[in-house]
Amino acid sequence: MVVSDNTASFYERIVGPSFAQDWPNPAQINDFKHHLRSDHSRQLFAYWLMKCSGDIPRRADLSPHEMKGLLPRLSIWEHVPQADAVHVRLAGTYVVETLAQDPSGHLNSDILPPEWVEAMRLYGADFYQGKAPLYFLSSLAPYGRRHVHIEFLSLPLRREGTKATMGIGIMDRVEIYKAAS
């Protein structure tokens, strides 16, 4: 049950500042925030930063009520190290509509384009050990539908303790502007 067959591509991948050791300085945070194109991504990033209290937030620190306007675009997942994958716990209605299927309850490797899964694996150490936000700008044509350009912001979360074992992400369609030739 794969979303697409060789119809996904990446334009941009950015690893944000690490929250694993010292707190990033405001310039590093602003530099990363500068890449976020959608208001929804900027809102989630600001909310996540507000919930950081000396470390990245725990899943329990996040309130659906406080993120009400973002819920359709959100997904939450748990890292499954033995499978080198993530288990999607929840996907909002906008995510389901964009992917043309509900990823909730599935491993990402079972439902997402191989390019996306490989990118998640490639940047997994930055995300989980480095507690660094990830930004992806890509395109996708789910089940033969026309291509949509997608911004996906991934933010690390803790369940308990200090290790990042989960993530929250927001998906939004964006316009890609190309320079005139």
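Me: Why is glutamate 66 called partly exposed?

Reply: Its relative accessible area is 45%. The label runs between 20% and 50%, so glutamate 66 counts as partly exposed. Please keep in mind that this is a predicted model.

Me: What makes lysine 51 and glutamate 66 a salt bridge?

Reply: Their side chains meet at 3.0 Å, N to O. The cut-off is 4 Å, so the pair of lysine 51 and glutamate 66 counts as a salt bridge. Lysine 51 lies in helix H2 and glutamate 66 in the loop between H2 and S2, so the bridge ties together parts that are 15 residues apart in sequence.

Me: How do you know that glutamate 160 and arginine 58 form a salt bridge?

Reply: The N to O distance is 3.7 Å, and the rule asks for a value within 4 Å, so this pair qualifies too. Glutamate 160 is in the loop between S5 and S6, and arginine 58 is in the loop between H2 and S2, so the pair ties together parts that are 102 residues apart in sequence.

Me: Is glutamate 160 buried or exposed, and why?

Reply: Exposed: its relative accessible area is 55%, and the label needs over 50%.

Me: Which parts of the chain does the pair of glutamate 12 and arginine 37 link?

Reply: The side chains of glutamate 12 and arginine 37 meet in a salt bridge of 3.9 Å, N to O. The pair links distant parts of the chain: glutamate 12 is in strand S1 (residues 9-15) and arginine 37 in the loop between H1 and H2, 25 residues apart. Glutamate 12 has 24% relative accessibility and counts as partly exposed, and so does arginine 37 with 39%.

Me: How many salt bridges are there?

Reply: The count comes to 12. Some join up: Asp55, Lys131 and Arg158 are linked in a network.

Me: What puts the buried residues of H2 on the same side?

Reply: The buried ones are Ser41, Leu44, Phe45, Tyr47 and Trp48. They cover an arc of only 165 degrees around the axis, which puts them on the same side of H2. In general, an α-helix has 3.6 residues a turn, so residues three or four places apart point the same way.

Me: What covers those buried residues?

Reply: The cover includes helix H1 (26-34), strand S2 (74-80), S5 and strand S6 (164-173). Leucine 44, for one, is in contact with residues including Met67, Leu155 and Ile168.

Me: Which residues have the most contacts inside the largest nonpolar core?

Reply: They are Leu44, Phe45, Trp48 and Ile168, in a core of 46 residues. Strand S5 (residues 148-158) gives the most to this core, with 6 residues.

Me: What makes the phi of aspartate 84 worth a mention?

Reply: Phi there is near 50 degrees, a positive value in a residue other than glycine. Most residues other than glycine have a negative phi. Aspartate 84 sits in the hairpin of S2 and S3, which has 4 residues between the strands. These strands pair in the antiparallel sense over 6 bridges.

Terms used
Residues are numbered from 1 along each chain as its sequence is written. This is a predicted model: local features need pLDDT of at least 70, side-chain atom pairs count only at pLDDT 80 or more; totals for chains, interfaces and linings use all residues. Side-chain values use heavy atoms; hydrogens and water are left out. A nonpolar core is a set of buried Ala, Val, Leu, Ile, Met, Phe, Trp, Tyr and Cys residues joined through side-chain atoms within 4.5 Å. Buried means under 20% relative accessible area, exposed over 50%, partly exposed in between (1.4 Å probe, protein chains only). Helices (H or I, at least four residues) and strands (E, at least two) are DSSP runs, numbered from the N terminus. Contact means heavy atoms within 4.5 Å. The arc is that of the directions from the helix axis to the C-beta atoms. Two strands pair if DSSP finds at least two bridges between them.
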